[in-house]
Amino acid sequence: MKRLRRRGAALLFAATLLQAHVGSPDIYLESKAGPYQLFVTVRPPLTIPGVAEIEVRSESPGVHEIQAVPLAIMGAGSKFPPVADALKAAPHDSQFFTGSLWMMTSGSWQVRLTVNGAQGQASLSVPVPSIARASKRMDLGLGAMLSVLGIFLMAGIVAIIGAGSRESKLDPGQEPTLANRRSGRKATIIGAIIVVAIVVGGNYWWNSEASDYSLRIYKPLRMSASVSGTNLALKMSEPGWMQAETLEQAAYRVFIRKMDDFVPDHGHLMHLYAIRQPGLDVIYHLHPEQREDGTFILALPSMKAGHYKLYADIVHSNGFPETMVSEIDLPETSGRPLAGDDAFAATTPWQQAGSANTVFTLPDGYKMEWLRSDKPLLAKRGISFNFRLTKPDGSAPSDMALYMGMLGHAAFVKTDGTVFAHIHPNGTVSMAALMLTGNSGSDGMKMDMPGMKMAIPNTVSFPYGFPTSGRYRIYVQMKHGSSVETGVFDAVAAGT
Amino acid sequence: MASIPAQHSDLASVPQARVEVSEKTATVPWYIWCAVFATTSATVGAYWDISWHETIGRDTFWTPAHLAIQLCGVLAGIAFGYLILHTTFAKNSPLAAASVHIFGFRAPLGAFIASWGGIAMLTSAPFDNWWHDAYGLDVKIVSPPHILLIIGVYSVVIGTLVLLAGHMNRTQSESHTTENRLILYINGIMLTQVMILLMESTQRVLLHSVRAYLVSAALPPIVLALSSRLTRYRFAATWVAAFYTLFRIGLILVLPLFPAEPKLGPVYQQVTHFIPEEFPLLYIVPAFALDLLWQRTKGWGAWKVSAVSGVVWVSVLLAVEWPFASFLMTPAARNWFFGTGYLYYALPPNSFAVRNVFYPSSDTPWQFGIAMLGCMLVGMLAVRWGITRGEWLGKIKR
């Protein structure tokens, strides 16, 4: 224990500046708009303002038209929808619709889809966190063209200044005198100096604008982890994104990020994934509680020694989700037993595992199977990842239960550490944000309504698309009785 | 423009001599009408485009407002490109003797300036498109590609003025009524264009702040002094300011007649028709004061006139704009004429304009007073520069 304390004082604190879900910006949602089952993909823009791409596949026949409109999830901006844009049906597939929408400001947005079809009109709102993630560089062709034009304009204006001084006041037909020519040369030199000064000043201004813009690029809340005894403390700090430091910002910035406005997402203020590095062979899904001073505290369960990456998911009161990232070194820890919604799995490191295994044998002999199609997995292609939990004899458990109100949870983690996504049966959106949009079709949650007796299936599906090509680990949690089972699968996504 | 008052014939510092040249009549050449049309198109297009962004939001490049702006660049490029080529290569070109030489080409100086402006405008289009892709900034008027566009428009306007001045200075005619009217018109266009550049600093909520008076002292007096020196009209500054005032009031009266809705979100203010820009600043009052001053100071040196002009411009503007801005914050101004109820769709509910309050200033009365003295100094330099440019234009012959 002393060793643990010692090490806790010298922990590695690292806040990785990545976006919500970490490296996985695209939004996948599978849900119902009234009678229509939709698979929605929203690809947010890199810059804000920027254009989000939208794809909708109707899994129910008879959809004639889908319109999309952007709105804030709540507060100012949620009352007056702009004119809706009609999504276009694909020529070869009348139930696949595509379109685009401008995202004008950073904040917690929704894209409201209105579906018209054989079964009438219905709507579905897709929560979309709107953030600037980067700025684009100028491509070579455009850069070359603008450089040539720029040089021409600079040379042109200098020549005009010189000619103006040399000849403009001369009577028609009169040849410039030596004094006129000297005056022209002087004006040319002065003009050149002024033009160079303007270009230097313009360059400084450009850099200053680029620097200002970089301040608007999303930075998640910082999180530092420390251990005292067997308690893990997660302390947050603001790195300076979407704050109101001036009166003008306070007046014009509708979304100002806070650190005291978190709302529970399926029953917990924070969902913490601790994943051992570099093998991604041990995973814990835990739920720290927030103290009055804002720090999140967790009584650690017994944990295996190692270097862990911590991914902490929280949701702000306006539905804006964030994933905070930190790292920590832990010795073998003897703590409390896992309880409640805690989940754990240990398996072989990904470096020693293949990518073809679709059946994971759980510690109690149950099996979790990835019902994988024969089609290759492609990056940026949204599909349903389907899993089944069976007893050791292959039959369906009779005591299937909901895990935090849903059929299951999944985490997709890229082995190089650039991607972490915490997925629900509805998709990548936070359930809290989905509820704030007023959707009636959040299927997973509906199953947990008091008084409703429903047979809980032993299968679960997660709509998701790998953001980039490469190797991933997938952690899937399902529950039967009081046992939370965590299956681990490996996958390789190819580039598109 | 309506009728222009009689010429004031004896403004001291304007050169009286007009050079006799090969152009036998004072008929305004086709290329000047072309330039006048181009600059008008750019001005209407620019304000229409701003309204488009405030009403509908960012749209395709091919909106009529964008096309009206770029028409200016295209027209300037084609018309003055043709003029340059024709003057350079055609035998017996009437303008050959009245040309300057640049890169082996020859043409009147104004043609080179205006065509340069056209190329600058066309260059700004891909630059601006990339800028939005890279930084996404849209609501700002003052950005590097927008400034290149604005400089391009100004160059077309300045080129037109140079062409007009050169034409006047070369022709024999005693009267240049049409040309002088066109100069006032072009300067009205120039002031209206300058106010686009100053728009972000002269919003209603800033009219009790130093910033609005500083920028008002820095640029508009240049245009007014230049107009007065070049045309010799007694009320040249007043007419130029009147053009700006009527143009902006016209937008308030006309644009809301056309229905439109935001195509982008979030929408914080419900909008059902095109949103015009705010009520014009009351420049017409200090411009009138400057005209009266300049009529009575004909024998003064340029620096002395400029110093007094700076004081008059800032004092009169402050005296009329400050209380008028207070009025604009009241419910009485939220009507079809003053138009303070027309709000940009993305204006947050907490913003100063929506709450009808001024941007707070931390200046003490002393600090504000010293800042106004600084504005007067800036105004003096602006008037002096305007006089210099007006005198230079009065001597242009090519």
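Guide: In chain A, 69% of the contacts between residues at least 6 apart in sequence join residues at least 24 apart; a contact means C-beta atoms, placed from the backbone, within 7 Å. The model is predicted, so local features need pLDDT of at least 70 and side-chain atom pairs 80 or more, while totals for chains, interfaces and linings use all residues. Residue numbers start from 1 along each chain as written, and chain letters from A and ligand numbers from 1 follow the order of writing.

Six helices and 27 strands make up its elements (DSSP runs numbered from the N terminus: helices H or I, at least four residues; strands E, at least two). Of its 496 residues, 41% count as buried (20 or more other C-beta atoms within 10 Å; exposed is 12 or fewer, partly exposed in between).

Ala312(A) lies in strand E16, residues 306-315. It counts as buried because it has 24 C-beta neighbours inside 10 Å. Setting aside neighbours within four places in sequence, Ala312(A) contacts Met223(A), Leu234(A), Met270(A), Leu272(A), Thr323(A) and Met324(A). His21(A) is 291 residues from Ala312(A) in sequence, yet their C-alpha atoms are 9.5 Å apart.

Pro35(A) sits in the loop between strand E1 (27-33) and strand E2 (36-43) of chain A. Pro35(A) counts as partly exposed because it has 14 C-beta neighbours inside 10 Å. Beyond residues up to four places away in sequence, it touches Ser60(A), Gln119(A) and Ala122(A). Thr105(A) is 70 residues from Pro35(A) in sequence and 32 Å from it in space, C-alpha to C-alpha.

Now to where the chains meet. Chain A brings 48 residues to the contact and chain B brings 50. On the chain B side, strand E1 (100-102), helix H3 (109-135) and H4 each supply at least two residues. H3(B) gives the largest share, 13 residues. By class, this side of chain B has 31 nonpolar, ten polar and nine charged residues (nonpolar: Ala, Val, Leu, Ile, Met, Phe, Trp, Tyr, Cys, Pro; charged: Asp, Glu, Lys, Arg; polar: the others, Gly among them).

H4(B) also packs within its own chain. Helix H1 (residues 30-55) and helix H4 (residues 144-170) of chain B pack at about 155°, axes 10 Å apart (lines fitted to C-alpha atoms over the stretch in contact; angles run 0 to 180 degrees between N-to-C directions). That angle makes H1(B) roughly antiparallel to H4(B) (over 145 degrees; under 35 is roughly parallel, 65 to 115 roughly perpendicular, the rest oblique). From H1(B), the meeting residues include Tyr31(B), Ile32(B) and Ala42(B). H4(B) answers with residues including Val153(B), Leu163(B) and His167(B). This contact has eleven nonpolar, four polar and no charged residues.

H5(B), residues 177-197, is mostly covered, with 15 of its 21 residues buried. The axes of H5(B) and helix H7 (residues 220-231) of chain B come within 10 Å and cross at roughly 175°. That makes H5(B) roughly antiparallel to H7(B). Ile183(B), Leu184(B) and Leu191(B) are among the H5(B) residues in this contact; Val223(B), Leu226(B) and Leu230(B) are among those from H7(B). It has nine nonpolar, four polar and no charged residues.

Methods. Contact = placed C-beta atoms within 7 Å. Expected span 1.5 Å × (residues − 1).
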